[in-house]
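Thank you all for coming.

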Amino acid sequence: MNLNAFVFQAVNGLSSASGLFLVAVGLSLIFGVTRIVNIAHGSLYMLGTYIAYSVATKLGGALGFWGGIVLTAILVGILGAIIEVLLLRRIYRAPELFQLLATFALVLVFNDAALWIWGPEDLLGPRAPGLTGSIELLGRRLPTYDIFLIVVGPAVLLLLHMALSKTRFGRLMRAATQDREMVGALGVNQAMLFTGVFALGAMLAGLGGALQIAREPATLTTDLNVIGDAFVVVVVGGMGSITGAYVAAVLIAEVKALCIALGIVDFGLFTVNFSKMTLVAEFLVMAIVLITRPYGLLGREQGAVRSVAEPEEPLRPATTATKIGGLIVLFVLIAMPLIAQGSPYTLVLGIDVLIAILFAASLHFIMGPGGMHSFGHAAYFGLGAYGAALLVKWFAAPMGVALAAAPLVALMGALLFGWFAVRLSGVYLAMLTLAFAQIVWAAVFQWETLTGGSNGVLGVWPSAPFESRPAFYYLTLALAALGVFLIRRFLFAPFGYAMRAGRDSPLRAEAIGLDVKRIHWLAFAIAGCICGVAGGLFAFAKGSISPETIAVSRSIDGLVMVLLGGLQTLSGPIVGASVFAVLQDSVMRSTEYWRALLGGVILLLVLAFPAGIVGGLAKLFARRKAAS
Amino acid sequence: MSTQMLTVEKLCASYGAAQILYDIGLEVGRGEVVALMGRNGAGKTTTMKAVMGLMTQSTGSIVFDGHDVSGRQPYEIARLGLGFVPEDRRIFSDLTVLENLDIGRQPPRKFSDGVAAPVWTEQKLLALFPNLGEMPHRPGGRMSGGEQQMLTIARTLMGNPLLILLDEPSEGVAPVIVEMIANTIVELKKAGVSILLSEQNVHFAELVSDRAYVLEKGQLRWNGTMAELADNIDIQRAYLTV
Ligand SMILES: Nc1ncnc2c1ncn2[C@@H]1O[C@H](COP(=O)(O)OP(=O)(O)OP(=O)(O)O)[C@@H](O)[C@H]1O
Ligand SMILES: [Mg+2]
């Protein structure tokens, strides 16, 4: 590595930091005031790139470019206000996770909207009129536009600081970030405040996106990439802190720049290509910050939002009716290969559904009874899947061995990651689990020699006696049933009671001698282990595994399944996973815009059943009973 | 008292599955200072929160200055002129004294009969509480308990309230400050502002209150004039901290 290259990359990093800061600070402000983690924030940024592209190319010239940036920021700000009024306002009282689900549905809808309006091709915007040149820095050319971007970040930071201290709206935002209920009791209409902060946050995201079009093309993958980076920045900087967001944006951008500048380094025994480690490095930084300073560099513990949701119903052992119902379902599933003889596809779907059930049930185990909202369950699915597939690839292991190894590999990952995760709670735990999942994903993606990189591992087919589809179906059914049964046993054993006690009141649980962290750690490990089985089965069911299938979207799928079913019932994840898998399958095959349709369905469900499908039905029955 | 400012009837409230208040009824007249008394956990704070619209689970009728406010949002109730001073103060610790005051600001207002309510400004309040006047730019998080107590009262006054729910203002503050708060209450009363004050012991309540209600386990046990309560050792022994 030479010093010049490093300094040059460091300067470059500063200009990336500005874009990162703009999107992250909006996310942070919104979270501070409304306590909603807006997953759709990356989508707003993406829409910013597309809208600015359109204005710049349609209008042309300096007005088109610079005026377009301003116009884009305003339009995206208005869109943010509309989202708040039409959607979020209806679900402020719903559990936190439902809000996440709703904003995730928006991600799907916006992505397809962009596909529909702008098409699948990447769109490269014009260069910035007036700033097309470059200056020479350490023997390299640095575009003047990048220098402009370097200035934009601190300028916006300064403006925001002034707005937050000098305007009444800014003061209200700071007050509401600390105690929004008290702000309401002093006569401030929170609805206006929330709409305002959403509009502001969206505007900043739109601005960030619009500023990028002279550097990078507008593409449809921007939304999830950007939201991933923005989460990291917000968590590292501290939720609700705007200075923290800038510091963290610089830190993250510089760490990435350092990786790129280091390039390939020879350590004698082995060589490491650091330029391919940017993702791992980014999430590693976040993990380290979360472990050492759980509330971020400049953040502080957020006052708990005074709970407005109804109290959680305790879990009840299955009634005879439930047991009989469960047995009937099981018999139907066993008879499925006979029933579906005419349509072989049914079994393929059946296997998918069963794997989804195992995945969702294991996630539910830590989310519902454990109260740990993991945003990175894909990690254990991926460890299981890759554990099995790599054994087949490198050692030609028989399926039995590979399938046995899957849960063990996942268990080890879960023991390691869980040890850190259980030290946090709430949004922070969610983000740390997400970081771990991203590390697994990035390692798999970037460690090409071992894992085949983006091509994945191919040729992982079931061996005798399970080569036939029905046989593999029965194997999957048996393992899924066993997994679900084991989870139930755990929940109604003393361990399960201790776990729920730890969730509901950690202090009292500690006081009666329970080691809450240890119990939750164990639960995390059990969930990871069972999820590993699902991953292993998945690899064999598809015959292959690739990084794509263990990416963040799988973690989100799991969340959607669990939330669709409802958190506080044991049959919830089973129903949720089945509905989701079938829905995804049928929607996916019927339209190119399946994401939007799926998103729409999720939105409807969230608005209609804030307690999940099973929870909603249970409440309906309870009301019927009470009425009769 | 002829004109009622606040009339509460059959007020019930719960936290989750636990019912806390049972059929509370009380009245506060214009310019009247009424004490809501009871031991720890009797339900004083819960009553005030329910009146302010801060309890998600509550039923009953609450009429404030002629408006039915039951089921309304806290901000709507505050905008009708009902001020709330919480017992845990809930100062915005990142905001300075002046900024805290600004959050409470509301336009001047009139009673329903057209008489203007007292109008408060930062200057007046900093003069009323000289300790605050000495530290207008200090963040709320770096003030003593007594200073925070003054600030929380001043912040509510910025809304020019017609009636104030004052939750245990004397708890855990120095005697000089208690005296200052008592003087403020008397001043407010003179200006026609009504006050519902929660208290555990009679000594402070006796200084400022006209009438008293006594709560125990979420139920109303006794009501009468403050003088009667001060003389009634039995009631005090049974329901209050003596
Ligand atoms: N957030 C809450 N959740 C559940 N129960 C609560 C909550 N807040 C108060 N309670 C219960 O409600 C009852 C009444 O409490 P409240 O705070 O109204 O009493 P109080 O008369 O104001 O007491 P204090 O003098 O201690 O302030 C108590 O039994 C208390 O335990
Ligand atoms: Mg109280």
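Let me begin with a question to look at together: is B:Lys217 buried or exposed? B:Lys217 is exposed, since its relative accessible area comes to 63%. Before I go further, please keep in mind that what we are looking at is a predicted model.

Staying with B:Lys217 for a moment, you will find this residue in the loop of chain B that runs between β9 (211-216) and β10 (219-225), and its phi is positive, at about 45°, although it is not a glycine. A positive phi also turns up at B:Asn160, where the value is about 50° and the residue is, again, not a glycine. B:Asn160 sits in the loop between α6 (145-157) and β7 (163-167) of chain B, but here the relative accessibility is 2%, so B:Asn160 counts as buried.

Now to the metal site. The magnesium ion, which is ligand 2, is coordinated by B:Thr45 through OG1 and by B:Glu87 through two OE entries, at 1.9 to 2.8 Å. Because B:Thr45 belongs to helix α1 (residues 44-51) of chain B while B:Glu87 belongs to the loop between β6 (82-85) and α3 (97-103) of chain B, the pair ties together parts that lie 42 residues apart in sequence.

Let me turn to how the two chains meet. The size of an interface is often given as the accessible area lost when the parts come together. For chain A and chain B, the area buried between them is about 2200 Å², and 51% of it is on carbon and sulfur atoms. Three residues, A:Gln178, A:Met182 and A:Leu186, supply 27% of the area that chain A buries against chain B, which is more than any other three residues. In terms of residues, the contact takes 22 from chain A and 25 from chain B.

Two packed helices are described by the angle between their axes and the distance between the axes. Helix α2 (residues 41-59) of chain A packs against helix α3 (residues 61-86) of chain A at an angle of about 145°, with the axes 8 Å apart, and the crossing of α2(A) and α3(A) is right-handed. The residues that meet include A:Leu44, A:Leu47 and A:Ile51 from α2(A), and A:Phe65, A:Leu71 and A:Leu75 from α3(A). Sorted by class, this contact of α2(A) with α3(A) has 14 nonpolar residues, five polar ones and no charged ones.

Finally, two further residues of chain A. A:Gly496, in helix α18 (residues 494-504) of chain A, is buried, with a relative accessible area of 0%, and beyond its neighbours within four places in sequence, A:Gly496 is in contact with A:Phe490 and A:Leu491. A:Ile339, by contrast, which is found in helix α11 (residues 320-339) of chain A, is exposed, with a relative accessible area of 59%.

Note on methods:
Residues numbered from 1 in each chain as written. Chains lettered and ligands numbered in written order. Predicted model: local features only at pLDDT ≥ 70, side-chain atom pairs only at ≥ 80, totals over all residues. Heavy atoms only, no water. Axes fitted to C-alpha atoms, helices over the stretch in contact; angles between N-to-C directions. Helix = DSSP H or I, 4+ residues; strand = E, 2+ residues; numbered from the N terminus. Left-handed = near helix turned anticlockwise from the far one by under 90°. Contact = heavy atoms within 4.5 Å. Nonpolar A, V, L, I, M, F, W, Y, C, P; charged D, E, K, R; others polar. Donors = N, O, S within 2.8 Å, 3.2 Å for Na, K, Ca; no water. Buried < 20%, exposed > 50% of the residue type's maximum accessible area, 1.4 Å probe, protein only. Buried area = accessible area lost by both parts, 1.4 Å probe.
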